[in-house]
Amino acid sequence: MDVDPSNYDQLAINENVTHDVVLSYLVHNCYIETVEAFVACTGMKQPADCNDDMEKRKSIYHCVVEGNVLKAIELTEQLANDLLEKNKDLHFDLLSLRFVELVCSRKCTEALEFAQTNLTPFGKVEKYVAKLEDFMALLAYEEPEKSPMFHLLSKDYRQQVADSLNRAILAHSNLPSYSAMERLIQQTTAVRQSISEDNAKNGSQPFSLKDFLSS
C-alpha cells in the first residue's frame with residue numbers, strides 16, 4: 001500500500017544527517033563558496049583538503065563545458081594521471097569533444113587530422129564504431145549544428161561528459177562518485193517504482209518522481 005504524504009511529517013530526521021546530505025551535494029558539485037557559507041552556518045567540519053580538491057575539479061569541469069577539452073585532459077592527468085588510460089570510454093568522449101570543437105570552429109582539415117591521430121585507434125573496438133561514424137559525419141555538413149547529429153554539439157552533451165569526468169575523478173580518489181542526495185533520490189525512485197508495479201493491478205498510476213517532489 002502506498003504511503004500517505006501527510007505521514008511524512010511524522011518521520012523524525014536527524015538534523016546532522018540532513019546537513020551531511022546537503023554538504024555532500026555541494027562538495028560533489030564544487031560549489032566552493034556555498035560550501036564555506038554552509039559550513040560556517042551549521043558549524044560542521046569541512047573535510048581536509050576539500051577546497052583544493054573542489055578547485056581542481058571545478059576547473060576541469062568548466063574546461064570541458066566551455067570548450068577547452070585539451071586543457072581539461074591536461075589537468076585531469078595532473079590530478080589523476082592514470083585515469084584516462086584506464087577509462088577508455090571517458091577518454092574517447094573527451095577526444096570526441098575536441099574533434100567537435102574543431103568542427104564548430106570550421107577547422108575541418110585540422111579536425112580530420114586530429115581524428116586520424118587520436119580517434120582512429122578506437123575504431124578497432126566495436127562499441128566505438130557507431131559513435132565514430134556519427135562524429136565523422138559532422139564533416140559532411142556546412143552547418144553541423146543543423147545536422148541529424150546536432151546533439152553532439154550541444155552544451156547538454158558537454159555537461160554530460162563533464163559530469164562523467166567529475167564522477168570518475170572522485171572514484172579515482174576513493175570518494176563516492178554520486179552524492180548522498182543523488183543516491184537517496186535513486187533509491188526512493190527504485191522503491192516507489194517497485195511499489196507502483198505491485199499496485200498496478202489495482203489501477204494505481206505509475207510512479208513519477210516529478211509528481212512526487214511537487215506533492
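Arg98 and Glu101 both lie in helix H6, 3 residues apart, which is about one turn of the helix; helices here are DSSP runs of H or I of at least four residues, numbered from the N terminus. The model is predicted, so local features need pLDDT of at least 70 and side-chain atom pairs count only at pLDDT 80 or more, while totals for chains, interfaces and linings use all residues. Residues are numbered from 1 along each chain as its sequence is written, and side-chain values use heavy atoms, with hydrogens and water left out.

Arg98 forms a salt bridge with Glu101, with the closest N and O atoms 3.1 Å apart. A salt bridge is a side-chain nitrogen of Lys or Arg within 4 Å of a carboxyl oxygen of Asp or Glu. Both Arg98 and Glu101 are buried, where buried means under 20% relative accessible area, exposed means over 50%, and partly exposed lies in between (1.4 Å probe, protein chains only). Arg98, Glu101 and Glu110 are linked in a network of salt bridges.

A search of the whole structure finds 10 salt bridges. One of them joins Asp89 to Lys127, with the closest N and O atoms 2.9 Å apart. Asp89 belongs to helix H6 and Lys127 to helix H8, so this pair ties together parts that are 38 residues apart in sequence. Asp89 is partly exposed, at a relative accessible area of 35%, and Lys127 is exposed, at 53%. In another salt bridge the side chains of Arg57 and Asp53 meet at 2.9 Å, N to O. Arg57 and Asp53 are separated by about one helical turn, because they are 4 residues apart in helix H3. Arg57 counts as buried, at 1% relative accessibility.

Helix H6 (residues 88-104) also contains Asp93. Asp93 counts as buried because its relative accessibility is 16%. Leaving aside residues up to four places away in sequence, Asp93 touches Lys131, Tyr157 and Val161, a contact being heavy atoms within 4.5 Å.

Aromatic rings were also examined. Rings of Phe, Tyr and Trp (its six-membered ring) pair if their centres lie within 6.5 Å; planes under 30 degrees apart count as stacked, over 60 as edge-to-face and the rest as tilted. The count by this rule is 5 aromatic pairs. The ring centres of Phe92 and Phe135 are 6.3 Å apart and their planes stand at 75 degrees, so the pair is edge-to-face. This pair links distant parts of the chain, with Phe92 in helix H6 and Phe135 in helix H8 (residues 126-137), 43 residues apart. Phe92 is buried, with a relative accessible area of 1%, and Phe135 is buried, with a relative accessible area of 1%. Phe122 and Tyr128 form an edge-to-face aromatic pair, at 5.2 Å centre to centre and 85 degrees between the planes. Phe122 is buried at 10% relative accessible area, and Tyr128 is buried at 5%. Phe92, Phe122, Tyr128 and Phe135 form one aromatic cluster.

The second largest pocket is lined by 22 residues, of which Val27, Pro47, Cys50, Asp53 and Leu175 lie nearest its centre. Helix H1 (15-28) and helix H3 (50-65) each supply at least two residues of this lining. On a 1 Å grid over the protein atoms alone, a pocket is an open set of points where a 1.4 Å probe fits, with protein on both sides within 12 Å along at least five of seven lines; lining residues have an atom within 4 Å of a point.
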